[in-house]
Amino acid sequence: MSHQRHASSLAWWALVPLGLQCIALNGSAPLTWPTWALVLCALFKLRECRRPFDRRLVALLQLLSTGLLAAQLQGLWASVLQLVAVLLALAGLLGHELAGALTFRGFLQRSLQLLAAALPLALVLFLFVPRLPPLWTTELGPSRGAVSGLSPDLDPLSIAELTLVDGSAARVLVPEGQTLPMDAYWRVLVHEQFDGRRWQHRDPPVPRSGSGRPQVGEGASQWWVVEPSATRAVPWDGSALPTSPDQWITPEGELLVGAASRQRRSFRLQSNQRVAAWQQRPPVPSERQAPPESLPRLKALARQFRRLPTGRERLEAVENWFRRQSFRYSLQPGAVKDLDAFLFDQQEGFCGHYASALAALMRAADVPARVVSGYQGGHVVQPISGNRYLELRQSDAHAWVEVWLKGEGWQRVDPTLWATTTTMGLPAAAVAAESGQRQEGNVPWWRWLQWQWWGLDLAWTRWWLSFDQSSQQAWLQMLFGAQLRWLGATVVVSGFVAVAGGWLLLRMGIRPRSPLVQSLRLLTRLGAVPLQGESFLRLCRRAAQMHPDRATLLEAMADQQQLLAHAPLTSAQRRHHLRQWRKIRSRLRRRR
Amino acid sequence: MVHRTAKPFFKPSRPCAELTLGHRSLYIIPSRFGALWIAAAGVLLLVAIQTGSNSTLLLAFVMLGLMVLAMFLTHDTLQGLTLRCDQPAPTFAAEPADYPLQLESSSARPRCSLRVQGHGVVVCDRLTPGTTPLSLPWFAENRGWQLPPPVQIETIAPLGLFICWGRWQPEQPQLIWPRRQQGPVAELQPPRLRDGLEEWQDLRPVREGERPALVDWASAARGRPLQAKVFNDPEEPDVILAPASGVPLEAAREHLADRIWRLHHSGACYGLQIQSISLAPSKGVRHRDACLEALATV
């Protein structure tokens, strides 16, 4: 039957956007498997369904999997696909009950009307019902998986050749008028455990209820979109404040967000000019741990610096020593045996080598130190669609050192800048900031298009995804002020209004607009219900007998209806007769 | 639409010739699918809370909104629909009967289903504006003028999230003849009537070339269509059927009903005598119906 085919084909089409999104999921995220299972269930159920209930179940499975996909893929493209999937699933659901009544396009239109009608109530609930923080804290992000980006273990000595990956790591948008910092250091991971070769990152314990205190203050907002990575920590400037309970700053100065790390994360931070708490936290024993005895030359050098009284003087002495040497920046340093070999023999490496060597040297000189990895620089993109944003790429990844100086707290030191030359004779600082110096003129077209899309994506992030718990609190505060006790009543009243509005919208939308149907409705109100096999003309005559005072108008309506239905009319003539018919109809209505 | 879950736990209104479905005669509850829908929205809400996903949260709320709207839409599918009795044809007890109805609607409506309580479902895929005739299957166990059990109309359109139903007790009874069962029947010989043109037994449409003497001019004069008189064959033996002796009366009625039906189909001429009713031998549909009605009601 054709109507069953319509309903079935709509359900099949709904699987297309779901399948496309399933491809983009990362298999190691916990929500991924339930999502794949639901989509597969919908597929097999649709293939085998025999009863109407099975077909409705398919639509429900499709909506459920769309919801799970929406929790994992929050970008603009994914959101568009999710909207399409919801529309098609709803159209498929309608198809089972409105069998044969509508065409494929009609089902889609009705589905859109339904969505539009349900949206007012959904928006009321979305905007006014206070958000709950996560009911329990789970590590939704996977622990393993191949995702490019920063690694929890920093072992530069094992890397003979570093390949710059040009993939995007993160994008940040600031409000208009704010300057995008192009030379900033965006910290991600703190590596404080040193075994003589590798610097390891210690996973911080996950707080039971996040930071618990989202900040609602004066600072400007930063909207971040961070691509999937191997770590839960996300880039930040080290001073911004979290804005929702699922963001928290560890005592080491890492920013963690609740969302799984293997999916794109979007969040908002609030700029802050004050010194962050992590900068003043005294060093823990692991940050003071001296390098092992396997580095005798490094320890011997450090003994010279230990004679100096303060940490600041020791740091300056180390910097002077570095600058006196002929360190060269290179992405192909070759295999390095250990830090002694790097410091005293090869003296060639990239940021990881310098950061690792400096941190070890400072610890050996009895100055607490640790390596920090993150991003440095970035590239400002000006999309056609909106505000400029800063793009951080994987090739902007960088490592530097933080040393603890009494009275000053943790201070950032970038030893890569002390390298005098590169292997190609370029200044090292220029290489370190290599990523920030791309020329827009040489941008390939696909990259340009990608930037434009990311601009839209960021705008989407800014206006939609950033409406989190703290934004909602701010909005409710602004709306109600001290009268927050009226929130419940407001939700109830607006809910009723929204349902009434949606219902009216649906009634207006569903009401058929053909002149015949409208005329029949009018005649029914006049008490003339069509009998089996009765023509419209006869019906009008019967109505005229029932209402002799309106006989002329009813005759005229029958004439116009006949003309509109059967006469070969030009567009102008059709418009004219439609006007006539409307006039007659309104006069008949007035006389009721 | 064949298997509904709503149980008719609300009593129908008093018997009436027609019922316009409205707030006082329609009931609505979430369907099994509606319960699943709510559960799915709840799961999405939980996922949205745990992941902080706005899109998931909005989808959960949209599903809740659709659930609320579906309640009104499903109710609207039946509201304003008028159910009206039609003239039911007589039928035998314990045999499938059709109870005719008329559905009157001012607008097109999506799918709904009707049934006489405890009997088969009739599905109306789409109701067009105007009057739609419908026959509901049922069968009666007892003879006589019988009211069918309440008629139930229900729908889950357009989304299947709610079941809306109404119940109506039609007031038009249906004549149920006694059950047909083969058995002994007493056959009496009627007094012989004189032959002639006055003793016609039934009427039939006039055929071409019919003798004018056979035409029933008297009824034609009263404005009825021309009909020819049907006479008994003088050679054909007349018989008057009566309950066999020694057989309980109810069983005898069933035997008589079966015999009358078979005699009618064989074209025989028969009469009936039961209790105080006596019908002279004759043939034709009207005679058969009169005999069976007498059997059913006396």
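This is a predicted model: local features need pLDDT of at least 70, side-chain atom pairs count only at pLDDT 80 or more; totals for chains, interfaces and linings use all residues.
**Exercise 1.** Work out how helix α3(A) and helix α2(B) are oriented to each other.

*Solution.* Two packed helices are described by the angle between their axes and the distance between the axes. Start with those values: the axes of α3 (residues 52-72) of chain A and α2 (residues 54-78) of chain B come within 7 Å and cross at roughly 155 degrees. Angles over 145 degrees count as roughly antiparallel. Therefore α3(A) and α2(B) are roughly antiparallel to each other. Now look at who meets whom: Leu63(A), Thr66(A), Gly67(A), Ala70(A) and Ala71(A) face Ser55(B), Thr56(B), Leu59(B), Ala60(B) and Met63(B).

**Exercise 2.** Find which helix gives the largest share of the side of chain A that touches chain B.

*Solution.* First, take the whole contact: 55 residues come from chain A and 45 residues from chain B. Next, list helices of chain A that each supply at least two residues, among them α3, α4 (76-97) and α5 (104-128). The largest share, 10 residues, comes from α3(A). Finally, sort this side of chain A by class: 38 residues are nonpolar, 12 polar and five charged.

**Exercise 3.** Check the span of helix α4 (residues 249-266) of chain B against 1.5 Å a residue.

*Solution.* The 18 residues of α4(B) should span 26 Å, and the end C-alpha atoms are 25 Å apart, which agrees. Then look along α4(B): its buried residues include Ala252(B), Leu256(B) and Ile260(B). Their cover includes β16 (239-243) and α5 (285-297) of chain B. Just after α4(B), Gly267(B) takes a positive phi of about 80 degrees.

Key
Residues are numbered from 1 along each chain as its sequence is written. Chains are lettered from A and ligands numbered from 1 in the order in which they are written. Axes are lines fitted to C-alpha atoms, for helices over the stretch in contact, and angles run from 0 to 180 degrees between N-to-C directions. Helices (H or I, at least four residues) and strands (E, at least two) are DSSP runs, numbered from the N terminus. Angles under 35 degrees count as roughly parallel, over 145 as roughly antiparallel, 65 to 115 as roughly perpendicular and the rest as oblique. Two residues are in contact if their C-beta atoms, placed from the backbone, lie within 7 Å. Ala, Val, Leu, Ile, Met, Phe, Trp, Tyr, Cys and Pro count as nonpolar, Asp, Glu, Lys and Arg as charged, and the others, Gly among them, as polar. The expected span of a helix is 1.5 Å times one less than its number of residues. A residue is buried if 20 or more other C-beta atoms lie within 10 Å of its own, exposed if 12 or fewer, and partly exposed in between; C-beta atoms are placed from the backbone.
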